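Reader: I've got a model open and I'd like to learn how to read one residue in its setting. Can you walk me through it?

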Amino acid sequence: MTDTLLALVPEHGALVLFAATFLSCLAVPIPSSLLMLAAGAFVASGDLAALPVVGAALSGALLGDQAGYGIGRSGGIRLWSRLLAGRKTGPPARRAARELHRRGGMTVYLSRWLFSALGPWVNFAAGATRLGWRRFSLASLLGESTWVGLYIGLGVVFGARLQETGAAAGSVIGALAAGLVAVLLGRALWRRRRRTA
C-alpha cells in the first residue's frame, strides 16, 4: 500500500496528502509522515508547488483532529468505554487518557508530531472527556503546523540534497570497497609469506 500511495504523490500530491493526513488522525494506518517527506522532495525538484502541498496536509490534519474530537464528544463515554475495553485499542487509549489528564493541551500538541501514534486516541479522549474545544483546537493547530512543517521541510532539504547525497554515498562506498580489497589482499599476502617462510 505504501508504494501505491507514494506513486500517487507526484501526480496528485495535494489530494493524496489531504486524504492521508485526515485519515491518519482518525487512527487509519496511513504512512502520512512518509508521504509528506516524499511531497517535500517533489517540491524541492519543482514537480509540486509548496503552498498547495503544505495547505492540503495541514487542512487534512486539522479536519481529521476535529472529526476525532467530534466523534469522541458525540459518542462520549459509551464510545470511550468501548475503546478502553478493546484488546488493540485499549492500551493506546488508556495512555492517551492518562497523558491528557496530566498535561491537557500540551498532550494534544505533542501527540500531533512527537508522539504521533497517540494522536488519534488523544483526539477521541479529548472529545469524550470534554476537554475545551478552543484549548483542543489551538493545541491541534500548533501541533499539526509543527508536524507538517517538519516533515515537508525535511523532504525539501533532503530532496534538494539527494543528488549530492547520492554522489557522496557513492564516493564513500567506493572508498570502503577499495579499503576492504586492500585489507583482504594484504591478509592474503601475509598468509602466503608466512607459509613460505
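**A serine and its surroundings**

Author: Start with a pair of atoms: a polar atom of the S24 side chain sits 3.1 Å from the backbone oxygen of T21. A polar contact is a pair of N or O atoms within 3.5 Å; within protein, one must be able to donate a hydrogen and the other to accept it, and residues adjacent in sequence count only if both atoms are side-chain atoms.

Reader: What should I keep in mind about the numbers?

Author: This is a predicted model, where local features need pLDDT of at least 70 and side-chain atom pairs count only at pLDDT 80 or more, while totals for chains, interfaces and linings use all residues. Residues are numbered from 1 along each chain as its sequence is written, and side-chain values use heavy atoms, leaving out hydrogens and water.

Reader: Which helix does S24 lie in?

Author: Helices are DSSP runs (H or I, at least four residues), numbered from the N terminus. S24 belongs to helix α1, residues 2-24. The chain has eight helices and zero strands.

Reader: Is S24 buried or exposed?

Author: Buried means under 20% relative accessible area, with a 1.4 Å probe and protein chains only. S24 has 14%, so it counts as buried. Of the chain's 197 residues, 34% are buried.

Reader: Which residues does S24 touch?

Author: Contact means heavy atoms within 4.5 Å. Leaving aside residues up to four places away in sequence, S24 touches I30, S32, P120 and W147.

Reader: And where is confidence lowest?

Author: pLDDT is the predictor's confidence in each residue, from 0 to 100. Helix α8 (residues 162-196) is lowest, at a mean of 63, while the chain's mean is 86.

Methods:
Helix = DSSP H or I, 4+ residues; strand = E, 2+ residues; numbered from the N terminus. Buried < 20%, exposed > 50% of the residue type's maximum accessible area, 1.4 Å probe, protein only.
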